[in-house]
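Hi,

Here's the structure I said I'd pass on. Have a look at it first, and then read my notes below.

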Amino acid sequence: MAATSRASASGATTTCGGGEEAPGVLASPLFVPGTPCAFSPQERRFLALSGPDGRLRVWETASSRLHHEYVPSAHLSAACTCLAWAPPGAGGGRQSPGSKEGPQRKKRKSEAVVAGEQLDLLAIGTAVGSILLYSTVKGELQSKLNGHDNKINCVRWHQDNGCLYSCSDDKHIVEWNVETCKVKCKWKGDNSSVSSLCISPDGRMLLSAGRSIKLWDLETKEVYRHFTGHAAAVSTLRFITIRPPNENQPFDGITGLYFLSGAVHDRLLSVWQVRSDRKERNAVLSFTVTDEPIHIDLTISESKDEPVKLAVVCRDGQLHLFEQVLNGSCKKPLTSQCSIQIATPGEGNDSTPKPVPILAAAFCPDKESLLIVYGNSLQPVIEKVSLNSTESHVCLVRDVKKTLMLKTEMAVTKVKTPIVNSEVKMLVPGIPGHSAAIRSSVSGEKTEIKRKSTTDGKEQTLEDRLGAMDIDVMKMKQTSGLPQTDNFAVLLVQGLESSDPEILNKVLQTKKEAVIKKTVARMPVHAVVPLLHELTKRLQGHPYSASQMVRWLKSVLTTHASYLSTLPDLVPQLGMLYQLMESRVKTLQKLSRLHGKLYLIITQVAALEQAQDVTDVDQTAKLVYEEESSEEGSDDEMVVEKDSDENWDEDDEGEESENDKQNKLSDDEQEMAIEKEINGESDLDPENESEEE
């Protein structure tokens with residue numbers, strides 16, 4: 001996500017080295033603001049960070065070395081949303097000396113362990129509502145807690161009894177018994193999603209944040225106080241004192257304590273005080289930052305004179321430090337005493353330094369130094385910085401590339417290799433293996449004779465025998481299709497049943513569409529659902545591997561759609577895959593659904609047309625037979641009809657000509673009469689005419 005550098009609240013700009021203004025944080029796919037991360041309690045020896053690739057990595061803060069890496073593709077059902085370290089000794093973190101240990105535990109036992117109880121459990125909240133308890137000592141997933149129906153927003157450990165508390169988008173808060181992995185108590189926390197939790201210093205109260213901040217009594221599960229003042233969802237809740245400022249009054253465990261709250265898209269951090277009266281109170285003071293806070297760490301004040309130190313990492317990649325004595329209310333927001341930025345050295349004379357985003361920060365146990373995590377989420381750099389600077393703006397120039405190169409050389413990757421028995425026969429694509437034709441006894445006798453009758457009476461070497469076997473294998477012919485396709489189908493089933501990653505990698509890494517379709521079509525029906533589970537695990541890995549798995553997933557869904565639609569428990573089995581697809585195509589959800597529906601329809605129509613494909617029949621007659629007598633009679637009739645028609649036409653024409661002549665004569669007489677009337681000749685009688693004549 002791209003973020004821009006802003007000026008601090010006091011209005012001054014941050015300078016880098018030679019006085020130039022620091023440019024904004026450049027857009028980088030490796031910089032994901034708000035990445036789930038958590039420092040180990042007390043000593044701050046480890047940093048647990050879940051990167052954008054979905055892997056959980058535990059780093060050593062002293063040396064910036066990768067201490068442990070957990071690949072969640074085999075266990076995680078969704079992306080990590082929150083992290084929380086268990087208190088030392090919680091959940092059986094340290095094993096007894098007589099307990100059974102695997103090979104990896106023996107390796108860790110040889111390492112030097114800091115005196116005291118060892119950190120072990122790490123609670124991981126997921127986007128589908130499950131909580132995973134990961135053991136850093138054993139290097140494996142210890143248990144899985146199922147009790148929420150939606151995304152986990154926050155997990156918190158109780159510092160005394162080792163219980164775990166979680167809140168989710170399903171509006172509920174759950175108290176877990178970690179030893180039995182069961183829900184101890186579950187109650188509705190708000191009318192909307194519950195976004196954050198915090199446990200009081202004495203362990204008797206619980207803060208929860210939804211639409212409003214509520215203070216719960218853990219024994220009765222009743223609301224003790226309400227706090228309202230944030231317009232957006234609260235993302236952070238932290239108690240910042242353990243004793244009230246006024247020590248003369250009797251302390252009931254909660255009255256007089258201060259706590260801090262921060263909200264999404266809010267540039268103010270509010271400080272609240274728990275009062276004994278029932279009246280609703282506003283925040284006593286607030287801190288202002290340059291952007292939305294994504295990571296907050298603080299030092300708890302143990303007395304009324306001890307100031308509270310606050311380190312706030314913002315979305316724009318800057319770090320702000322505050323120091324304040326909590327002795328009353330303040331209406332004006334407080335600005336940071338020091339702002340820290342990190343930039344790379346400029347290359348050349350005219351080039352400007354580029355800022356490096358800060359991911360997280362934490363105070364060291366001495367409270368005089370600070371651990372800063374910067375760089376990218378996949379390979380962060382952890383540095384310890386002292387806080388004795390009196391400047392209001394500090395820019396640290398660091399060459400991240402050189403540091404990462406050194407870390408890469410020092411990093412040790414811990415990869416588990418499966419233990420394979422020597423008697424197990426491995427089948428790989430391209431070698432016939434089980435499908436090889438059984439050679440006849442004649443060929444066996446020939447080979448034996450050939451081995452015995454070698455030159456100089458010596459037996460053939462092992463290399464010659466292997467070469468002869470390879471030649472014989474190449475000479476074998478199979479008439480039915482591609483030989484590798486049959487092997488792929490059998491190997492795929494074998495890999496799914498034995499969970500062998502080597503076989504599955506060799507089969508699933510093929511890129512030929514025809515081989516994929518034939519393999520999926522020839523595999524048995526009982527292996528369809530295990531194949532979907534395996535594809536779902538691999539889709540959460542590297543993007544290149546995910547793009548390869550999409551081809552297999554498309555072929556499986558189109559080929560075995562009818563079988564999958566008959567399964568009654570298909571929805572819970574493929575819920576993980578559906579959640580993954582929803583998160584991947586969230587930006588183009590409607591277009592992706594339309595594309596998928598059109599692809600299925602087109603595939604079904606093409607299959608139907610291929611099944612009903614019939615050649616067009618020529619409708620023209622090849623032979624026509626007609627009798628001669630019928631032809632002559634028809635000709636005579638036609639001639640008669642033709643003559644009668646012609647005579648009839650001529651008669652009609654004659655009658656029409658006579659009628660035309662009579663009409664013409666009558667028209668002439670009418671014209672003569674009209675002229676006579678005009679000339680007055682019509683007044684003469686016929687008698688007069690005869691006399692004149």
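Let's start with helix α8: nine of its 12 residues are buried, so the helix is largely enclosed by the rest of the structure. Keep in mind that this is a predicted model. If you want to find the buried residues of α8 yourself, look for Val528, Val529, Leu531, Leu532, Glu534, Leu535, Thr536, Arg538 and Leu539.

The helix itself runs over residues 528-539. From its first C-alpha to its last, α8 reaches 16 Å, close to the 16 Å expected at 1.5 Å a residue.

Now for its partner. Two packed helices are described by the angle between their axes and the distance between those axes. The axes of α8 and helix α9 (residues 543-559) come within 9 Å and cross at roughly 155°. Angles over 145 degrees count as roughly antiparallel, and α8 and α9 are therefore roughly antiparallel to each other. Their crossing is left-handed.

Which residues make the contact? On the α8 side they are Val528, Leu531, Leu532, Leu535, Arg538 and Leu539. From α9 come Ser545, Ala546, Met549, Val550, Trp552, Leu553, Val556 and Leu557. Sorted by type, the residues of this contact are 12 nonpolar, one polar and one charged.

Zooming out, the protein has 15 helices and 31 strands. Of its 693 residues, 38% are buried. And if you take contacts between residues at least 6 apart in sequence, 54% of them join residues at least 24 apart.

Cheers

Conventions:
Residues are numbered from 1 along each chain as its sequence is written. This is a predicted model: local features need pLDDT of at least 70, side-chain atom pairs count only at pLDDT 80 or more; totals for chains, interfaces and linings use all residues. Side-chain values use heavy atoms; hydrogens and water are left out. Helices (H or I, at least four residues) and strands (E, at least two) are DSSP runs, numbered from the N terminus. The expected span of a helix is 1.5 Å times one less than its number of residues. Buried means under 20% relative accessible area, exposed over 50%, partly exposed in between (1.4 Å probe, protein chains only). Axes are lines fitted to C-alpha atoms, for helices over the stretch in contact, and angles run from 0 to 180 degrees between N-to-C directions. Angles under 35 degrees count as roughly parallel, over 145 as roughly antiparallel, 65 to 115 as roughly perpendicular and the rest as oblique. A crossing is left-handed if the near helix is turned anticlockwise from the far one by less than a right angle, and right-handed if clockwise. Contact means heavy atoms within 4.5 Å. Ala, Val, Leu, Ile, Met, Phe, Trp, Tyr, Cys and Pro count as nonpolar, Asp, Glu, Lys and Arg as charged, and the others, Gly among them, as polar.
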